[in-house]
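Here is a short briefing for a first look. Please keep the structure open beside the text as you read.

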Amino acid sequence: MDVHAVDLDSSQVFQDWFIEQIEHVPPEQIVDALEGIGSDTAYIRALIVSYWRRTPQYDRLLKRCLTMGDVVANEVAKGFAVYQRSVNIMMEGGAHMHARLAEMRGALAFSLRRLSQVPVTDLLIEAQIGIYLPTAVLYLNEQNFEESLQYASQALFLAEQIKGAVSVARTRASLISCHSAAGHVETTIALAQDDRRQQFRYGWRFTELALANSLFLLGNYPEAVATLTDLTQRVDGVHEQRARSLLQQKAAFWGVGGLEGDVFPTLPGEEPFGWMTEVMRGMMRATALPREGREAEERASQFATVIQLCRLAEDEGRRIYQWQRAFAKWAAATAHLGRGEFSAAAGALERIGDVPAELFDLRVLSLGAGLDLALTWAAPGDWSVARMEAGLRQVFAEVEERRYASAPGLARLLHRWHPTAAAYLALMPEPVGACAFAIRDVMKVGQQNVVFDDVVLPPVYACDLVLRALDFDLRRDFSFVQSDPGGSRRKKKELRQQVGEVTVWRQPVSAVRIAYGLLTHQKEAYHLRARSVVQSYGVRPSTSAMYPMIGALEEVELAVRALLEGYLTPKGLAARMLEIR
């Protein structure tokens with residue numbers, strides 16, 4: 001290794017040489033050799049290499065360059081120091097976090113002014129790059145994505161001008177992170193895929209995390225999991241933990257795993273999302289329990305835990321992004337729906353606001369919760385089935401046009417948490433094709449009662465489930481367990497299903513709910529489809545005995561017939577259902 005033969009002033013020459021040497025020589029040795037030269041330029045290069053590879057000499061070199069009389073040396077060192085300090089400040093949080101980060105921005109702005117007075121050299125440009133990158137991170141923390149992307153893009157432009165392979169790779173990785181945080185999923189994936197084709201990659205582990213996260217947002221769960229699984233097999237330590245943490249969080253979000261074991265702790269440099277995993281664990285525990293019998297109380301309790309965790313996420317002043325707030329509002333709304341608290345659910349959904357366009361998973365879920373609410377009798381008067389349906393149609397139409405998106409994946413996600421909404425999308429005129437499988441959730445009742453294609457329900461159990469699907473809160477002595485403890489109990493077990501690593505209690509959907517939603521439209525095609533749905537699936541099971549709930553079911557059937565024949569409006573039906581309850 002002949003360091004004396006290398007042109008230290010040329011970023012292209014030096015960085016190409018470094019990439020070649022690092023394959024054979026420990027970075028500590030390269031740093032020692034540079035220090036041995038003794039010039040200001042050599043000390044700057046030594047600091048840069050030490051920073052790139054986190055060598056033991058870093059702290060000593062940082063202090064030396066900060067105190068040298070060379071402006072470029074000072075500002076290269078300051079850029080590194082501010083970046084690390086900013087990360088620490090963000091992780092510590094606290095009441096004065098934003099003021100301290102504003103001080104860091106001020107220090108970086110001063111650095112740029114100093115550098116503007118120095119003759120332009122490759123090292124000067126590298127120093128500017130070292131200021132632009134932490135500035136981008138600081139704006140990212142403030143969720144000022146436009147400024148963040150501008151600084152990261154300018155850093156990449158400068159790196160390409162000096163043709164420094166390491167500088168280009170480093171700034172590309174930073175730009176990918178900025179796009180990922182801003183929710184630009186298609187851009188993130190395209191840049192990450194391009195980064196995979198490069199001969200030299202910097203921070204590629206974080207790029208793979210950003211790629212996987214973007215695939216999750218687009219509903220492409222299998223490819224995202226494959227990306228993270230591959231990453232866990234190629235790295236160890238902190239990077240492996242980050243990958244496993246994201247796997248755990250997304251498995252919980254999709255309701256297929258992440259239920260067991262400790263929640264991975266938040267690591268330096270990332271926003272805390274362990275609370276999100278805890279929220280989804282509560283959702284999974286709740287949906288593993290039936291809506292009837294003694295377990296219904298535990299189900300309601302788990303949903304209450306979800307609501308409390310969502311409140312704490314903001315009450316404790318966590319550093320969370322807009323999409324995480326949208327997640328919290330959706331989860332709280334879904335939990336309120338699970339508890340039959342429809343006004344509270346409406347309030348939570350109204351506070352979500354506009355979800356960024358490329359966050360398809362949250363758009364599907366928030367609209368799905370809204371459709372679920374609109375299909376209930378107790379929905380607020382201005383809560384429109386048509387509006388929620390239009391929103392979901394729009395999302396799935398956009399998904400079909402996105403290269404990396406998966407409509408079937410997003411349909412599965414919707415169905416996991418909002419099966420009634422998914423069934424509605426499958427049965428409405430011009431249905432969403434990706435949701436076709438959700439038809440299986442709708443009960444066919446009458447002389448024989450069947451759901452999920454192959455689960456035959458005893459009459460009393462079917463009666464109970466129909467009323468529960470219509471949000472009737474049956475008393476314990478009305479429950480099928482009390483009146484038919486034999487066959488019905490065995491059938492009850494057949495509604496349990498293994499989804500991934502977790503158990504789900506499948507909730508049958510009543511055709512009445514779908515027909516009601518269709519009839520709220522003013523279009524004849526929807527009314528015809530409503531009649532077809534009622535005819536195909538039925539309203540109430542046929543029974544040979546008078547169970548306590550039969551009177552309520554007869555009232556439901558009479559009201560639905562009146563609605564179909566035009567003697568009752570959808571609002572009138574909703575009012576009558578609320579009276580019967």
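A cavity is a set of points, on a 1 Å grid over the protein atoms alone, where a 1.4 Å probe fits but cannot get out, and its lining residues have an atom within 4 Å of a point. Grid points are joined across faces, edges and corners, and a volume is the space filled by probe spheres set on the points. This is a predicted model, in which local features need pLDDT of at least 70, side-chain atom pairs count only at pLDDT 80 or more, and totals for chains, interfaces and linings use all residues. Residues are numbered from 1 along each chain as its sequence is written, and side-chain values use heavy atoms, with hydrogens and water left out.

**Overall picture**

- The chain has 28 helices and four strands. Helices (H or I, at least four residues) and strands (E, at least two) are DSSP runs, numbered from the N terminus.
- The C-alpha trace spans about 100 × 45 × 45 Å along its principal axes.
- Of the 581 residues in the chain, 58% are buried. Buried means under 20% relative accessible area, exposed means over 50%, and partly exposed lies in between (1.4 Å probe, protein chains only).
- Among contacts in the chain with a separation of 6 or more, 65% join residues 24 or more positions apart. Contact means heavy atoms within 4.5 Å.

**Cavities**

- Two cavities of 30 Å³ or more turn up in a search of the whole structure.
- The largest cavity has a volume of about 120 Å³. Its lining consists of Ile48, Trp52, Val76, Phe80, Glu126, Ala127, Ile129, Gly130, Leu133, Ser167, Arg170 and Thr171.
- Helix 3 (40-53), helix 5 (71-92), helix 7 (122-141) and helix 9 (165-182) each give at least two residues to the lining of the largest cavity. Helix 7 provides the largest share, five residues.
- Seven nonpolar, three polar and two charged residues make up the lining of the largest cavity. Here Ala, Val, Leu, Ile, Met, Phe, Trp, Tyr, Cys and Pro count as nonpolar, Asp, Glu, Lys and Arg as charged, and the others, Gly among them, as polar.
- The second largest cavity holds about 60 Å³ of space. Residues lining the second largest cavity include Leu217, Met276, Trp323, Phe327 and Asp361.
- Helix 13 gives the most, with three residues.

**Nonpolar cores**

- In soluble globular proteins, nonpolar side chains tend to be buried together.
- A nonpolar core is a set of buried Ala, Val, Leu, Ile, Met, Phe, Trp, Tyr and Cys residues joined through side-chain atoms within 4.5 Å.
- The largest core has 161 residues, and Phe327, Trp330, Tyr424 and Leu425 have the most contacts inside it. Helix 16 contributes the largest share of this core, 10 residues.
- A second, separate core has 52 residues, among them Phe14, Tyr51, Leu62 and Ile131.
- Tyr424, leaving out residues up to four places away in sequence, touches Leu371, Leu375, Val385, Glu389, Ile514, Gly517, Leu518, His521 and Tyr526.

- Helix 4 (residues 58-67) has Tyr58, Leu61, Leu62 and Cys65 buried. Seen down the helix axis, these buried residues fall within an arc of 105°, so they line one face of helix 4. The arc is that of the directions from the helix axis to the C-beta atoms.
- Asp59, Lys63 and Thr67 are exposed, on the face of helix 4 turned away from its buried side.
- An α-helix has 3.6 residues a turn, so residues three or four places apart point the same way.

**A buried leucine**

- Leu563 sits in helix 27 (residues 550-564). Leu563 is buried, at 7% relative accessible area.
- Beyond its neighbours within four places in sequence, Leu563 contacts Leu519, Leu568, Thr569, Pro570 and Leu573.

**Positive phi**

- Most residues other than glycine have a negative phi.
- Glu430 has a positive phi, near 50°. Glu430 lies in the loop between helix 21 (419-427) and strand 1 (450-451). Glu430 is exposed, at 67% relative accessibility.
- Asp453 also has a positive phi, about 75°, and is not a glycine. Asp453 lies in the loop between strand 1 and strand 2 (455-456). Asp453 is exposed, with a relative accessible area of 59%.

Definitions and conventions:
1 Å grid on protein atoms, 1.4 Å probe; cavity = no way out; pocket = protein on both sides within 12 Å on 5 of 7 lines; lining within 4 Å.
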